[in-house]
Amino acid sequence: MTYHPKSEFLRVMIERGFLADCTDYQGLDETLITGVVPAYIGFDATAKSLHVGSLIQIMMLRWLQKTGHKPITLMGGGTTKVGDPSFRADERPLLSPAQIDDNIAGIGKVFAQYVTYGDGPTDALMLNNDEWLADLNYLDFLRDIGRHFSVNRMLSFESVKSRLDREQSLSFLEFNYMILQAYDFLELNRRYGCRLQMGGSDQWGNIVNGIDLTRRVLDNEIFGLTSPLLTTSDGKKMGKSADGAVWLNAEMRSPYEFWQFWRNTTDADVGRFLKLYTELPIEDCDRLGALGGSEINEAKIVLANEVTALLHGAEAAAAAEATAREVFEKGGMGDDLPTLSLTAAEIGEGISIVQLITRSGLSKSGKEAKRLISDNGARLNDAPLTDSGLMITAADLAEPLKLSAGKKRHALVVLQG
């Protein structure tokens with residue numbers, strides 16, 4: 001990246017590693033220094049929470065606001081009814097309107113931690129594209145919007161081409177998705193003066209379509225900017241961990257587990273992640289990322305604390321660190337660990353240790369739990385667990401039991417009442 005921007009927002013994007021590509025660096029830069037620029041990112045409502053993979057986009061919106069511009073969080077209430085085919089091998093299952101509304105309510109909780117909503121010039125807007133997509137007249141839409149799209153060009157986009165090259169079915173429903181997303185940008189520009197769409201680099205084709213459509217229909221100049229699709233240094237997709245997606249909503253992944261995900265960052269990723277996911281000055285990120293030996297572990301704790309404080313608050317971050325230090329350094333219980341709470345009725349005559357490991361989330365199945373025990377990876381109250389046939393009674397739970405899978409994943413089992 002050789003472009004040296006005048007605007008603070010573009011400078012932050014480049015310096016901190018957020019920028020993969022831009023449709024017009026100079027044009028966007030000049031626009032950003034003339035006044036408040038409304039910019040949006042779209043989020044489809046396919047689950048009740050976003051996961052860590054979306055955090056790079058959320059941080060982009062936060063920096064946009066911090067540098068004096070107006071973020072728009074666009075919920076895909078309408079487009080979720082279709083499903084984004086981009087780089088997917090199969091069609092998404094269709095959700096009911098009630099499920100979509102439920103998911104939007106869950107996702108909305110997170111944004112308020114990162115951006116400020118309101119009526120001020122740089123206050124964020126929360127919008128739902130169902131507002132303009134739900135009542136579209138099909139024939140009018142085909143005539144007014146569809147005529148601007150070349151099927152030849154649509155087929156050339158990598159997200160579509162990769163699906164067709166593998167001879168996997170792409171439904172007409174999904175094929176419409178890129179037209180609908182382009183139409184979103186047009187409507188946001190028409191209704192709210194939105195000048196910029198941001199997204200992951202897999203959205204490049206969709207973003208370019210929206211810019212082209214808006215230029216054709218309204219003759220307005222708008223811009224696109226993409227972030228890199230993040231993988232960890234060992235090649236894993238960002239947002240996944242050994243036990244599944246790292247959700248942002250606290251009820252789907254506890255603040256302690258979220259903190260632990262960041263604490264377990266690979267050494268090589270620490271500096272990069274500090275720049276992307278925290279607001280620490282660049283020089284601090286570089287200094288912490290360059291630490292070696294056991295010192296890098298303290299840098300990981302800084303990373304975990306900063307990221308967790310942004311999402312869940314400083315108190316939750318401090319509690320997670322205190323629990324981690326107690327669990328790992330003192331072998332203690334830690335009162336912030338994920339907890340499985342059982343009634344005496346559920347336990348009955350006894351409950352198997354395999355079931356406890358599975359129900360506490362330390363394994364995905366009984367088979368996996370048994371393998372964990374046979375591979376000497378399981379511990380009960382910090383002692384090696386070797387008997388997969390062990391039964392736990394209500395009397396055994398007079399005190400909480402601590403279960404461990406490997407050195408870094410722990411859970412408590414407690415007796416209710």
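Biologist: Where does Phe172 lie, and why does Phe172 count as exposed or buried?

Modeller: In this predicted model, Phe172 belongs to helix H9, which covers residues 172-175; helices (H or I, at least four residues) and strands (E, at least two) are DSSP runs numbered from the N terminus. A residue is buried under 20% relative accessible area, exposed over 50% and partly exposed in between (1.4 Å probe, protein chains only). Phe172 has 57% relative accessibility and therefore counts as exposed.

Biologist: On what basis are such values reported?

Modeller: Residues are numbered from 1 along each chain as its sequence is written, and side-chain values use heavy atoms, with hydrogens and water left out. The model being predicted, local features need pLDDT of at least 70 and side-chain atom pairs count only at pLDDT 80 or more, whereas totals for chains, interfaces and linings use all residues.

Biologist: How many salt bridges are found in the whole structure, and with which residues does Asp212 form them?

Modeller: The search of the whole structure gives 18 salt bridges. Asp212 pairs with Arg215, where the closest N and O atoms are 2.5 Å apart, and with Arg216, where they are 3.0 Å apart. In helix H11, Arg215 is three residues from Asp212 and Arg216 is four residues from Asp212, each separation being about one turn of the helix. Asp212 has a relative accessible area of 14% and is therefore buried, while Arg215 at 45% is partly exposed and Arg216 at 46% is partly exposed.

Biologist: How do you know that E2 and strand E3 pair, and in which sense?

Modeller: Two strands pair if DSSP finds at least two bridges between them. E2 (residues 38-43) and E3 (residues 70-75) have six bridges and run in the parallel sense, with Lys70 as the bridge partner of Pro38. Strand E5 (residues 196-200) also pairs with E2 in the parallel sense, over two bridges, and here Ala39 stands opposite Leu196. E2 itself is mostly covered, five of its six residues being buried.

Biologist: Why do strands E9 and E12 stand at the edges of the sheet?

Modeller: The open sheet has five strands with mixed pairing, in the order E9-E15-E14-E11-E12. E9 (339-342) and E12 (383-384) each have a single partner strand, so one side of each is left without a neighbour in the sheet. For E12, two bridges join it to E11 (residues 378-380) in an antiparallel arrangement, with Leu380 and Ala383 as bridge partners.

Biologist: What is the phi of Asp219, and what is that of Asn376?

Modeller: Phi of Asp219 is near 55 degrees and phi of Asn376 is near 60 degrees, positive values in residues other than glycine. Asp219 lies in the loop between helix H11 (204-218) and strand E6 (223-227), and Asn376 in the loop between helix H19 (366-374) and E11. Asp219 has 64% relative accessible area and is therefore exposed; Asn376, at 61% relative accessibility, also counts as exposed.

Note on methods: A salt bridge is a side-chain nitrogen of Lys or Arg within 4 Å of a carboxyl oxygen of Asp or Glu.
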